[in-house]
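Subject: Structure handover

Hi,

Here is the structure I promised to pass on.

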Amino acid sequence: MSDSAIRVHNLYRYFGQLKAVNGISFEIPHGSVCGFVGANGAGKTTTMRILASLDYPTMGLAEVCGINVVHHPEEVRRLIGWMPDHFGNYEHMTVLEYLDFYARAFGYSGKERRTRVQEVMEFTDLIPLADRFSNKLSKGMTQRLCLGRSLLHDPQVLIMDEPAAGLDPKARVELKHLIRVLADEGKTIFISSHILSELGEMCDSLLFVNEGRIVHHGDSESLKQGTDAAGGMLYDIQVCGDPQAISDWCVVQPHVEFLESRKQGGRIRIEGNDPKRASDILGRMIKDGLTIHEFHKEQRNLEDAFIDMLGRIDRGETAMAETPAPQEPSFTPSAPTS
Ligand SMILES: Nc1ncnc2c1ncn2[C@@H]1O[C@H](COP(=O)(O)OP(=O)(O)OP(=O)(O)O)[C@@H](O)[C@H]1O
């Protein structure tokens with residue numbers, strides 16, 4: 001078995017002059033959940049469609065479980081479950097008939113087919129909806145049906161494009177739970193979303209893409225712990241007595257800046273990412289007579305981390321991963337339809 005469930009190397013997809021995917025490389029290990037994050041038009045759907053063998057790259061390599069998606073699309077389709085952001089449906093077909101239809105298309109027959117459809121309906125909680133018309137479901141129910149369809153052939157890898165879009169908070173929690181259960185069963189899940197806080201909770205790693213390039217691949221904790229756009233760490237401080245004392249103290253100190261007053265104290269930025277410096281500053285505050293009863297580092301939320309990262313790229317402080325531009329398209333990019 002290949003080391004990675006998904007491997008993309010120097011992948012490009014141009015639409016005329018538009019560089020929708022502009023030389024990206026990443027790998028996702030088996031059994032992990034990877035969130036794909038980026039602004040509208042960043043190239044997420046295009047990348048996912050290539051991995052789902054629904055589009056051709058202009059150049060570069062895309063593999064699922066070591067199998068090249070361009071050379072062996074049928075094999076890849078057996079391995080992946082694809083959940084697109086827009087989901088076609090049929091009139092006058094119930095939920096049960098819909099899943100049964102797709103189970104037939106996946107090659108199941110007889111008792112095995114009925115069992116498989118039943119298992120998927122149980123997992124996605126669709127049994128109470130078995131006789132409802134599939135085009136008359138709520139958004140949350142529709143997403144569960146789409147997930148059910150993509151699970152029928154028990155794929156190793158799930159590629160989900162914005163599955164949480166338009167869902168209410170309860171439906172999002174349910175979807176998150178289902179994704180976690182699938183990950184615990186050992187499936188690899190590649191999921192795009194605009195709701196970063198939710199991705200952070202359910203993903204083992206996050207892949208940030210901007211203008212067709214990867215700008216970050218790491219776990220959400222390291223992003224939350226990282227420095228802010230000004231290159232500092234934020235601390236919340238609370239004192240006994242007059243909170244003004246903190247801002248007065250900060251004004252005359254190096255490496256520390258008072259940011260805002262809070263009820264019992266304030267928020268400060270300490271330059272750099274050095275815990276020793278923070279403990280020195282705390283020590284000096286106490287020595288100078290401030291009665292601190294709370295001093296803790298604030299985690300950034302993922303939205304802030306992402307915006308900071310884009311700001312750094314705009315200012316040229318962080319380079320996007322550079323890869324050589326393609327000389328010749330290796331495939332004629334005439335996309336098959338999904
Ligand atoms: N078939 C196509 N023909 C021409 N341009 C396309 C085509 N598909 C996508 N694009 C363009 O490629 C760029 C990347 O689109 P893509 O759908 O991959 O972005 P995305 O990150 O998924 O965005 P969103 O979050 O809005 O879904 C966009 O500028 C889009 O307009």
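Two remarks on conventions first. This is a predicted model, so local features need pLDDT of at least 70 and side-chain atom pairs count only at pLDDT 80 or more, while totals for chains, interfaces and linings use all residues. Residues are numbered from 1 along each chain as its sequence is written.

**The chain.** The secondary structure comes to 11 helices and 14 strands (DSSP runs numbered from the N terminus: H or I of at least four residues for helices, E of at least two for strands). The C-alpha trace spans about 80 × 55 × 35 Å along its principal axes. Of the 338 residues, 36% count as buried (20 or more other C-beta atoms within 10 Å of the residue's own, with C-beta atoms placed from the backbone). Taking contacts (C-beta atoms, placed from the backbone, within 7 Å) between residues at least 6 apart in sequence, 69% join residues at least 24 apart.

**The helix pair.** The axes of α3 (residues 95-105) and α5 (residues 139-151) come within 9 Å and cross at roughly 25° (axes are lines fitted to C-alpha atoms over the stretch in contact, with angles from 0 to 180 degrees between N-to-C directions). The two helices are therefore roughly parallel to each other, a label for angles under 35 degrees. On the α3 side the contact uses Val 95, Tyr 98, Leu 99 and Tyr 102, and on the α5 side Leu 145, Gly 148 and Arg 149. By class, these residues are five nonpolar, one polar and one charged (nonpolar: Ala, Val, Leu, Ile, Met, Phe, Trp, Tyr, Cys and Pro; charged: Asp, Glu, Lys and Arg; polar: the others, Gly among them).

**Val 117.** This residue sits in helix α4 (residues 110-123). Val 117 counts as buried because it has 25 C-beta neighbours inside 10 Å. Leaving aside residues up to four places away in sequence, Val 117 touches Leu 99, Asp 100 and Ala 103. Val 117 and Arg 149 are 32 residues apart in sequence, and their C-alpha atoms are 9.0 Å apart.

**The ligand.** Among the residues surrounding the ligand are Phe 15, Asn 40, Lys 44 and Thr 45 (C-beta, placed from the backbone, within 6 Å). Strand β2 (18-29) and helix α1 (44-51) each supply at least two residues of this shell, and α1 gives the most, with three. The shell has four nonpolar, six polar and one charged residues.

Best wishes

Methods
Parallel < 35°, antiparallel > 145°, perpendicular 65-115°, else oblique. Contact = placed C-beta atoms within 7 Å. Buried ≥ 20, exposed ≤ 12 C-beta atoms within 10 Å, placed from the backbone.
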